[in-house]
Amino acid sequence: MRKKEDWKTQADVDAIANRLLREAGGDLDRVHGNAVATALGMPKGNQSIYAKVDDWKKRMETQGIHHVRQAPIGLREELEERLRTGVEDIVRVALGLTGKTIDRERQRSHQTETVLGEKIALLESELDREREARVLADSKVETMSKELAALMDETAADKVRADLAEARLDEVRGQHETLLDRLNVAPARSERVQEALEAKEVDEGYPIDMSRYDYEE
């Protein structure tokens, strides 16, 4: 035989769950089977309570309960106050408050869009500066490349001129050495002729005036 606490209806569970949801500030995750069972006077939850709480949660999710926490601060109090004043057209009040909420969200969205627009403009400006700097850098690199190529060409031309000068210098050195060789031959022959004449003078017993002789190569 089932105990009395096992015979809790869906309405009983819904009433307790709704109360716990209000106390939790609309946080659906804080409403669970054990909490509902305890509020109903049960020592702990059972399969029947868990099933009824799950059924209640599914209906709350369908009604958009997860979005309640996203509502502007103070909207709940304002809505409850309007409903307590005994306004006959509750639909009109609900629509008005909804429109007010939407208008606030639009203003907030506009502010956010303005801030984002300013950030985007700033980023675009920075991007333009980066592009200009890149163009200048590319131009500078191209100029330096041309200057380097010109220097390399000039260096190559200088090397060719240096090689030609070295070859010319070697040629002049050769001519100079040849000329020195020729200049050294004549004195050597003149000395030999002088020695021969002096020897003959001694042999013949009379002097010979060597100044009268003009030695030519």
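At 42% relative accessibility, Asp 163 counts as partly exposed in this predicted model. Its salt-bridge partner is Lys 159, with the two side chains meeting at 3.3 Å, N to O. Lys 159 counts as exposed, at 54% relative accessibility. Both residues belong to helix H5, where they sit four residues apart, or about one turn of the helix.

Elsewhere, shared partners join Asp 14, Asp 55 and Arg 59 into one network. Arg 59 meets Asp 14 at 2.9 Å, N to O. Because Arg 59 lies in helix H3 and Asp 14 in helix H1 (residues 10-23), this pair ties together parts that are 45 residues apart in sequence. Asp 14 is buried, with a relative accessible area of 15%, whereas Arg 59 is partly exposed at 30% and Asp 55 is partly exposed at 35%.

Helix H3 (residues 47-62) also contains Lys 52. This lysine is buried yet has no salt bridge, and the nearest side chain of opposite charge, Asp 12, is 8.5 Å away. The side chain of Lys 52 does reach the backbone oxygen of Lys 8, at 3.5 Å. Beyond its neighbours within four places in sequence, Lys 52 is in contact with Lys 8, Thr 9, Gln 10 and Val 13.

Back in helix H5 (residues 90-204) lies Leu 180, which is partly exposed with a relative accessible area of 38%. Together with Leu 179 and Leu 183, Leu 180 makes a nonpolar surface patch of about 270 Å².

How values were computed:
Residues are numbered from 1 along each chain as its sequence is written. This is a predicted model: local features need pLDDT of at least 70, side-chain atom pairs count only at pLDDT 80 or more; totals for chains, interfaces and linings use all residues. Side-chain values use heavy atoms; hydrogens and water are left out. Patches are made of residues with over 30% relative accessible area and no salt bridge: like charges are joined within 9 Å, nonpolar side chains (Val, Leu, Ile, Met, Phe, Trp, Tyr) within 5 Å. Accessible areas come from the Shrake-Rupley method with a 1.4 Å probe; for residues, only the protein chains shown count as cover. A salt bridge is a side-chain nitrogen of Lys or Arg within 4 Å of a carboxyl oxygen of Asp or Glu. Helices (H or I, at least four residues) and strands (E, at least two) are DSSP runs, numbered from the N terminus. Buried means under 20% relative accessible area, exposed over 50%, partly exposed in between (1.4 Å probe, protein chains only). Lys and Arg count as positive and Asp and Glu as negative; His and the chain ends are not counted. A polar contact is a pair of N or O atoms within 3.5 Å; within protein, one must be able to donate a hydrogen and the other to accept it, and residues adjacent in sequence count only if both atoms are side-chain atoms. Contact means heavy atoms within 4.5 Å.
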